[in-house]
Amino acid sequence: MDFNGKTVIVTGAGKGIGREIARMLVERGADVVALTRSAADVDALREEPGCRAIQVDLADADATRAAAIAALPADFLINCAGTTELQPFLETTVEAFDRLVAVNTRAPMIVAQEYACLLIKEGRKGAIVNVSSVASFVGIPDHAAYCASKGGLDGLTRVMAKELAPHGIRANGVHPTVTLTPMAVKAWSDPGKAAGMMQRIPVGRFAEPSDVAEVVLFLLSDEAAMVNGISMPVDGGYMIA
Ligand code: NDP
């Protein structure tokens with residue numbers, strides 16, 4: 001997979017999976033435009049060759065649209081930024097629900113709208129990968145808002161795949177299991193809970209960010225030219241267990 005001369009927008013490239021995706025893309029010749037929040041991550045990304053970084057809080061719809069426009073033009077888009085807050089269903093607050101939907105569902109829609117509008121206007125082809133989660137397929141205790149936000153993202157992916165493919169823009173979803181990143185520390189630091197999850201993964205380990213990044217890059221690439229609208233688990237077989 002050669003990304004020479006291609007520009008790729010990666011949201012959430014400051015940490016975890018997004019950071020690994022950005023690193024791999026640059027290694028394979030791409031220019032990366034990172035949309036991310038923490039100032040320290042933005043500064044670090046700006047030091048890296050092949051990276052441009054735009055600081056934005058993706059929970060803010062207007063700021064997200066402005067950042068997406070500032071990131072263009074781009075050949076590909078990876079919506080990777082995501083956030084979680086652990087709350088049992090009965091204690092899930094409206095505020096937390098709205099925050100998660102804003103970042104995990106609404107922001108990918110806004111960035112993809114701006115990205116796709118320009119491509120269509122210029123008559124160019126492209127591809128979008130939305131990073132979802134196995135949490136959109138299964139109910140995970142304490143993750144009601146997160147599961148709902150990722151289920152919403154999957155709905156968007158499928159509609160984008162139908163509406164944008166006639167314009168030459170594919171859209172696919174990638175669904176990781178627990179992946180060893182700062183988010184996983186937040187969600188899976190209880191050893192009992194982590195052991196229960198691990199038991200359900202036939203390959204016997206959690207994912208590394210590079211496991212997810214490789215699949216994302218494949219779905220962007222021309223090698224996946226006939227792959228459109230899928231939800232690809234990267235879960236070591238968790239979904240069949
Ligand atoms: P991390 O928390 O490690 O990194 C998330 C990145 O997204 C950070 O750079 C973070 O920036 C950015 N981000 C979060 N909220 C905002 C915001 N409001 N505005 C701008 N940037 C934001 O998460 P992962 O790498 O683990 O997760 C990446 C994706 O993979 C997410 O969509 C997540 O839901 C999904 N996923 C992760 C799994 C896991 O186990 N790790 C499992 C399944 C799916 P900052 O830190 O500055 O807020």
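## Where α3 meets α4

In this predicted model, Ala-61, Thr-64, Arg-65, Ala-68 and Ile-69 of α3 touch Arg-106, Ala-107, Ile-110, Val-111, Gln-113 and Glu-114 of α4. Sorted by class, this contact of α3 with α4 has 6 nonpolar, 2 polar and 3 charged residues.

Now try looking along the two helices. The axes of α3 and α4 are 9 Å apart, and the packing angle is about 35°. The crossing of α3 past α4 is right-handed.

## From α4 on to α5

Which residues of α4 and α5 make the contact? From α4 come Phe-97, Leu-100, Val-101, Asn-104, Thr-105, Pro-108, Met-109, Ala-112, Ala-116 and Ile-120. From α5 come Ala-145, Tyr-146, Ala-148, Ser-149, Lys-150, Gly-152, Leu-153, Leu-156, Met-160 and Leu-164. By class, the contact of α4 with α5 holds 15 nonpolar residues, 4 polar and 1 charged.

## How α1 crosses α8

Next, find helix α1 at residues 16-27 and helix α8 at residues 209-220. Their axes come within 9 Å and cross at roughly 55°, which means that α1 is oblique to α8. The crossing of α1 past α8 is right-handed.

On the α1 side, the contact is made by Gly-16, Ile-17, Glu-20, Ile-21, Met-24 and Leu-25. On the α8 side, you can pick out Pro-209, Ser-210, Val-212, Ala-213, Glu-214, Val-216 and Leu-217. The contact of α1 with α8 divides into 9 nonpolar, 2 polar and 2 charged residues.

## The largest pocket

How much space lies in the largest pocket? The answer is about 940 Å³. It is lined by 45 residues, and those closest to its centre are Ala-81, Gly-82, Thr-83, Thr-84 and Met-183.

Several elements share in this lining. At least two residues each come from α1, β2 (31-36), α4 (94-122), α5 (144-164) and α6 (182-188). Helix α6 gives the most to the lining of the largest pocket, with 6 residues. By class, the lining of the largest pocket has 22 nonpolar, 15 polar and 8 charged residues.

## The second largest pocket

The second largest pocket has a volume of about 340 Å³. Of its 15 lining residues, Phe-76, Lys-125, Gly-126, Leu-220 and Asp-222 are the closest to its centre.

What classes of residue make up the lining of the second largest pocket? There are 5 nonpolar, 3 polar and 7 charged residues in it.

## Two backbone details in loops

Leu-72 and Pro-73 are joined by a cis peptide bond, with omega about 5°. You can find Pro-73 in the loop between α3 (61-71) and β4 (76-79).

The other spot is Asp-142. This residue has a positive phi of about 70°, although it is not a glycine. Where is Asp-142 placed? Look in the loop between β5 (126-131) and α5.

Key. Residues are numbered from 1 along each chain as its sequence is written. This is a predicted model: local features need pLDDT of at least 70, side-chain atom pairs count only at pLDDT 80 or more; totals for chains, interfaces and linings use all residues. Side-chain values use heavy atoms; hydrogens and water are left out. Axes are lines fitted to C-alpha atoms, for helices over the stretch in contact, and angles run from 0 to 180 degrees between N-to-C directions. Helices (H or I, at least four residues) and strands (E, at least two) are DSSP runs, numbered from the N terminus. Angles under 35 degrees count as roughly parallel, over 145 as roughly antiparallel, 65 to 115 as roughly perpendicular and the rest as oblique. A crossing is left-handed if the near helix is turned anticlockwise from the far one by less than a right angle, and right-handed if clockwise. Contact means heavy atoms within 4.5 Å. Ala, Val, Leu, Ile, Met, Phe, Trp, Tyr, Cys and Pro count as nonpolar, Asp, Glu, Lys and Arg as charged, and the others, Gly among them, as polar. On a 1 Å grid over the protein atoms alone, a cavity is a set of points where a 1.4 Å probe fits but cannot get out, and a pocket is an open set with protein on both sides within 12 Å along at least five of seven lines; lining residues have an atom within 4 Å of a point. Grid points are joined across faces, edges and corners, and a volume is the space filled by probe spheres set on the points.
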